[in-house]
Amino acid sequence: MTQKDVWNSWNLSKSADLYGIHEWGAGYFGINEAGDLCIKTEVNKKPITIPFRDIISGITERGMELPVLLRIENFLDSQISRLNESFRKAIKEQAYKGAYRGVFPIKVNQQEQVLQEIARFGGRYHHGLEAGSKAELMAALGVLEDKESCLICNGYKDEEFIDLALNANKMGFNVFLVIEMPSELDLIMERSRILGIEPMLGVRFKLSVQAGGHWSESGGDRSLFGLTSTQIIEAVDRLKDMGKLDCLKLLHFHLASQIPNIRDVRQSVLEAARLYGGLKAEGAAMGYFDLGGGLAVDYDGSQTNYMHSRNYGLDEYTNDIVDVLKTVFDEEEVPHPVIISESGRATVAYYSVLLVNILDTARFEALPLPEKLPEDSPEVVRNMMDIMGDMNRKNLQECFNDAQFYRDQMHQLFKYGQVTLRERSLCENIYLTIIHKIQGFMGQMRRLPPGLEHLTENLADIYYGNFSLFQSLPDVWAIDQIFPVMPLTRLKEAPTRQAIIADITCDCDGQINRFISLKDEERTLPLHELKDDEEYWLGFFLVGAYQETLGDLHNLFGDTNVVSIRIHDDQSFEITRELEGDSVADVLSYVEYNPKTLLENFRQKAEKAVKEGLISPRERQGIVSGYEKSLRGYTYYERENY
Ligand SMILES: *Cc1c(COP(=O)(O)O)cnc(C)c1O
């Protein structure tokens, strides 16, 4: 089949396969007959489908512009349900005698509405929170209602932090103070004595097991937090001396985030279970086994142990954990503790989608060549032209090398003033024509000639998206994270262009040139040709975890607009919350400008220009009010409203 045949016979399921929707989407996304990407969910057992197109028009009709971070509340609820139900099932099937109590680690998405929803919806499962700092604990105590939920305090703790946790204990909350450093124990016990409140202590264990994947360093002997087995024994002895060993109730560890391999999960739980047994044998009260985070998200949908994936499903994860714990504790005759896990990424990743409009594209296409070269064309241009005539499928590599050679030569000659600008342009255009011709041959070849593998990438279009990578997808820049990206409409049509995506910061790091694929990573993303009369939208998926507060103000692009929706069982959706993104004045004040002073200074400059006769008083009025309006405006590209 030729490329054209492939395009002509395109259909919806080819789009679904190409973009891997059913692989990474966890059942939350689908395509409708019209070729629009849709949100799929169940409300009151009724299947509901809502196209992103409708959501975007709903948002823009209400006066908000893209980029928008869309939060789908239903997904947060169903992820909490899936996690809790899966643990419940594993516990029931294996006749494990302890309960499951999940906690959400606040650092993964600290937004108030996330915590509120976890407190509200999660209450039915007694789903609690994990705080890694004083501020996070204060947020947790502000929203948590259910007193059967757990509240786990990790991180470095000062007196204030400890007092607050102890007082919350007295108020009836299950607040665990987890000892991360040996020195914390004395401070906690002293505050406990002074306040007269018994602490619920946990201890964080430094595992010897290390996980593969990006965060392999968080485990192992050199990990930053936690106590070694020797330090744990020292802590036990100190508590024994104080007669307070009954305060030690919880064992905590956190192997890594995004653990791709189930074997590492099993190994870490096994090691920690033995340690738990050891603490029981020492006489500690115990009762809670907290295995931290790490449940991975299958970002690329490949179901492998590649770092952006995972080689296990949720049920396998929960079954394996319960299985290891039951086996060890039955063998050691230890009562089954409550299982706590701190899944962050897997709980919130699906919940947010970044919606972006494409502003423009750049193509690397050749212009039509002249029939005949100008009489006086330099030799380098003639040589370049000759390559065209000689090309066939056997000598592509040679042609490519020759083209590279003459192009370099032409650049040299240009620098020494030996070819004119017009001649250089002609030569470059012939070069591009050659490269495209080579690519055309390669399209029909099964095996690419060595050295030419990256040709497609080098000829890929650039699609300019209205967003800042640094603000909205910081992990793409910082740790080479890959997120699924795809068009939200036109999925009936074949995507005929190969593209990379650039943001609108003027930073060359502000681009995405690695995309998910079931085989390996792809360097380009197939997209549709833009139409003059139609917006083209991309969705960036699984961005609910870690992206929001890590984002920064590179080039002074601020927070995007945020819209939360809840989908109802009558196919409607309600906008439950709107947060306007930063204005220009907001971001300027973050870097210590005073917007009022800026406006005043600008006004004075305009007045001076009036005095000098450069602009009229009426023009001054227009210019100054434009400046003032922009201060209040969005930091991203605005199409209308100006
Ligand atoms: C970051 C962190 C988590 C969350 O890990 P995920 O992989 O996002 O589930 C849980 N516990 C602790 C202690 C953490 O530092």
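## Exercises on a predicted model

Helix H5 (residues 73-93) lies across S1 and S2 and runs at about 55° to S2, where contact means heavy atoms within 4.5 Å and axes are lines fitted to C-alpha atoms, for helices over the stretch in contact, with angles from 0 to 180 degrees between N-to-C directions. Helices (H or I, at least four residues) and strands (E, at least two) are DSSP runs numbered from the N terminus. The model is predicted, so local features need pLDDT of at least 70 and side-chain atom pairs count only at pLDDT 80 or more, while totals for chains, interfaces and linings use all residues. Residues are numbered from 1 along each chain as its sequence is written, and side-chain values use heavy atoms, with hydrogens and water left out.

**Exercise 1.** Describe the sheet formed by S1, S2 and S3.

*Solution.* Begin with the order, which is S1-S2-S3 in an open sheet of 3 strands with antiparallel pairing; two strands pair if DSSP finds at least two bridges between them. Next, find the edges: strand S1 (29-31) and strand S3 (46-51) each pair on one side only. Neighbouring strands of this sheet are turned by 40° against each other on average, with direction ignored. Finally, look at the pairing of strand S2 (residues 37-43) with S3, where 6 bridges join the antiparallel strands, and note that Cys38 has Pro51 in S3 as its bridge partner.

**Exercise 2.** Determine whether Asn561 is buried or exposed, and what surrounds it.

*Solution.* Locate Asn561 in strand S20 (residues 561-567). Its relative accessible area is 4%, so Asn561 is buried, the classes being buried under 20%, exposed over 50% and partly exposed in between (1.4 Å probe, protein chains only). Then list its contacts beyond four places in sequence, among them Met64, Leu69, Leu579 and Tyr634. Gly581 is also in contact with Asn561, and the backbone nitrogen of Gly581 lies 2.7 Å from a polar atom of the Asn561 side chain.

**Exercise 3.** Identify which residues come nearest to the ligand.

*Solution.* Of the 17 residues around the ligand, the nearest are Lys107, Ser257, Glu342, Gly344 and Tyr546, a residue being near if one of its heavy atoms lies within 4 Å. Now take the atom pairs in turn: an N or O atom in the Lys107 side chain is 2.6 Å from an oxygen atom of the ligand, and an N or O atom in the Ser257 side chain is likewise 2.6 Å from a ligand oxygen atom. For Glu342, a polar side-chain atom lies 2.5 Å from a nitrogen atom of the ligand.

How values were computed. A polar contact is a pair of N or O atoms within 3.5 Å; within protein, one must be able to donate a hydrogen and the other to accept it, and residues adjacent in sequence count only if both atoms are side-chain atoms.
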